[in-house]
Amino acid sequence: MKKMNNTATDSWIVDSNPDSSTVKNSCHPNLKMFLAALSFAYFAKALSGSYMKSTITQLERRFDIPSYLIGIIDGSFEIGNLLVIAFVSYFCAKLHRPKIIAIGCILMSFGTFLIAMPHFIIGRYKIETSIRSSVNSTNNLSPCPASSPESLWAGDRPSILPSRGCEKESSVSMWIYVLLGNILRGIGETPVQPLGISYIDDYAQSDNAALYIGCVQTISIIGPVFGYLLGSLCAKIYVDIGYVDMETIIITPGDARWVGAWWLGYLIAGAITLMSAVPFWFLPKSLPMPVEKHDTNCTPEQTRFIKDSPGLKHKFRPEEPANLHLMASEFVPTLKSLLGNPVYTIYLCVTIVQFNSLIGMVTYKPKYIEQHYGQSASKANFLMGMINIPAVALGMFSGGVVMKKYKLTIMGAAKFAFGTSLLGYFLSLLFFAMGCENAKVAGITVSYSGVGGLSYQEQSLISVCNSDCSCTSREWDPVCGENGITYVSPCLAGCNSSTGSGKNTVFNNCKCLAVANTQPGNLTATLGQCPHRDSCEKVFPYFLAMSVLSSFIISLGGTPGFMLLVRCIKPELKSLALGIHTLATRTLAGIPAPIYFGAIIDTTCLKWGYKMCGGRGACRIYDTSAYRIVYLGLTLGLRTVSFFLCILGFALLKRHIKKEEKHVLTNGSAELETLRKEENSSIHCEQFILALDCNPDRETRL
């Protein structure tokens, strides 16, 4: 037995027959470590990314910003990717890939910490309310004052309008730190996917590569599970926990003004991301390549150490520093070669359109559950993490297993991905039938007499029953009347007195309740919006079940579709292709989708909140019917467009496969002769290697 001085070839065993080219390979220990490290990195980045989406409504309320601005903040992650993705995918693919990934993880963690920073430098959150928070006060509050608003705001009732001594709050600019932190997260995340996936595909056997990538992506789906669960937990905790007496907080997590401890989850996610960088520092730059990916002139061990040279067929190849000038000069021709592949180009177009639909849908789905079905942010995030995301993980893993078990070809993978996407599309159409009616809010969705179909205007909030109360129509301090109708504030409900304090405040003699109620007597109202009707509660479980089923079916095609991208291009273009794919989808989908989805959702807002020092704040209540139509309509409309592009893609792919088959048949005899020559050359190369290096430390058995 001859031992060769290279520990990287421990898992390779060559037959004693010098003519044999059979190479047996088990998963190399370093490849196993890389798989584990990459899975953890995927988990960490998915955790922080999903936690960002789970805090959308919290950030809106904390910084008093509309949905389209939240979309800009969410899309800033993709802007960070855009800044460096081409450089990382092309240049860094030829450097030490594991260490580049480690640096990226460190940058991601710093960005996550930066997002949480505004909490520690901004002032305490001030709730927009007219209710006295002191639990020890014995004086009754008169919700319906006869005095003018100016004198009222100067008294003991806080205002959401500009008042004396009002200073511009720092929250106006604090969201900029969140934006910058998310950009830094995007820069750090850039090398993880293109360099990690290409590393696996380079050094894993072709039959196992799809399964390994499927496993990594499946484990990465576990990240959003914990991300949304973390978001659910933090949404239950008040934003200024530890700084305020919770007995003085008069709102609950289900209130449209509630802000959870959004900052806490970012600290946790940042720490996890920082830990994910550690294993990559201990991994080698390269691993032994499987025989089917090897240069056929020599055996797998040989290609790693030899290269063409005058006078000799091969010689040892020492590790050389990367020639950045040469790499730069080759970039444009390489890019032209890649984009000249019509199958790759149409694949890009399809995924860009589908990613627009997917990103917009996922970004605002928790908010859709909150607004449409009356769930709290905490419950919406919990349901996303425990029900929806696991279905996606199971679907992606199952897709990888199907591809490995049935050994799907490129065309087979394309048909499978298209079929699952189409079936999921038809199931998603059923969501239109699973709607809820608008909540009954006097002066917004119904009149004060309880008649629906009201077209909202600011003036409609003022009625005969509250006209003598000097109410402002700008505040949002909802109370639920005995008649099941929500009123924007106790003043607009015409309530003359109140008893109790804090969360236990009850408003009495509310005149506007009598308009929609024929029964005389003391009509009271309590804090908060009225709950949704039973009919909405009954349809919600069906929505969840259909959401899980459609998510599972659509995600079945995720791994085969991804492998289609990897297999339709030349091996040397793999890293660049993955990088350009990531660049295109994030530039043309990840950045604009949250923005225009948010802008369209903003058009369905019925009542905006206002900042303490004036100016429009976050939306308090939406037209749920309009929200459902624009949200689902835009999501499914984009997917419809992608299906038409898929038809063109199938035609191009079929033509490409026929062209390749024709090429193989034409050159078959020539290739057979070449293989015979290569077999003889392989024996020569093998003898050359043994003559040059007979070090007993090598463990390759001949």
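**Notebook: salt bridges, rings and a surface patch**

I began with the charged side chains, and the count for this model comes to six salt bridges. I note at the outset that the model is predicted, and I read every value below as computed from it.

I looked up Asp 74 and Lys 53, whose side chains meet in a salt bridge with an N to O distance of 2.9 Å. Asp 74 belongs to helix H3 (residues 67-90) and Lys 53 to helix H1 (residues 29-54), so this pair ties together parts that are 21 residues apart in sequence.

My next entry is Glu 60, which forms a salt bridge with Lys 367, with 2.8 Å between the closest N and O atoms. This pair links distant parts of the chain, since Glu 60 is in helix H2 (residues 56-63) and Lys 367 in helix H13, 307 residues apart. Here too I checked the burial, and I found Glu 60 buried and Lys 367 buried as well.

I also followed Asp 255 and Arg 257, whose side chains meet in a salt bridge at 2.9 Å, N to O, and I recorded both residues as buried. Which residues are linked with them in a network of salt bridges? The network consists of Asp 255, Arg 257 and Asp 477.

I turned to the rings next, where the count comes to 23 aromatic pairs. Tyr 368 and Phe 543 form one of them, a tilted pair with 6.0 Å from centre to centre and 50° between the planes. The pair links distant parts of the chain, with Tyr 368 in helix H13 (residues 342-373) and Phe 543 in helix H17 (residues 534-556), 175 residues apart. Tyr 368 has a relative accessibility of 1% and therefore counts as buried, and Phe 543, at 3%, counts as buried too.

Tyr 373 and Phe 540 form another tilted pair, which I noted at 5.0 Å centre to centre and 40° between the planes. This pair again links distant parts of the chain, as Tyr 373 is in helix H13 and Phe 540 in helix H17, 167 residues apart.

The charged end of Lys 45 sits over the ring of Tyr 42, 4.6 Å from its centre, while Arg 124 lies over the face of Tyr 243, at 4.0 Å from the ring centre.

Last, I looked at the surface, where Met 33, Ile 103, Val 278, Trp 281 and Phe 282 form a nonpolar patch with about 490 Å² of accessible area together. Where does Trp 281 lie? I located Trp 281 in the loop between helix H10 (262-276) and helix H11 (300-303).

How values were computed. Residues numbered from 1 in each chain as written. Predicted model: local features only at pLDDT ≥ 70, side-chain atom pairs only at ≥ 80, totals over all residues. Heavy atoms only, no water. Phe/Tyr/Trp six-rings, centres within 6.5 Å; stacked < 30°, edge-to-face > 60°. Helix = DSSP H or I, 4+ residues; strand = E, 2+ residues; numbered from the N terminus. Buried < 20%, exposed > 50% of the residue type's maximum accessible area, 1.4 Å probe, protein only. Lys NZ or Arg CZ within 6 Å of the ring centre and 35° of its normal. Patch = residues over 30% accessible without salt bridge, like charges linked within 9 Å, V, L, I, M, F, W, Y side chains within 5 Å. Areas by Shrake-Rupley, 256 points an atom, 1.4 Å probe, with all protein chains shown as cover. Salt bridge = Lys/Arg side-chain N within 4 Å of Asp/Glu carboxyl O.
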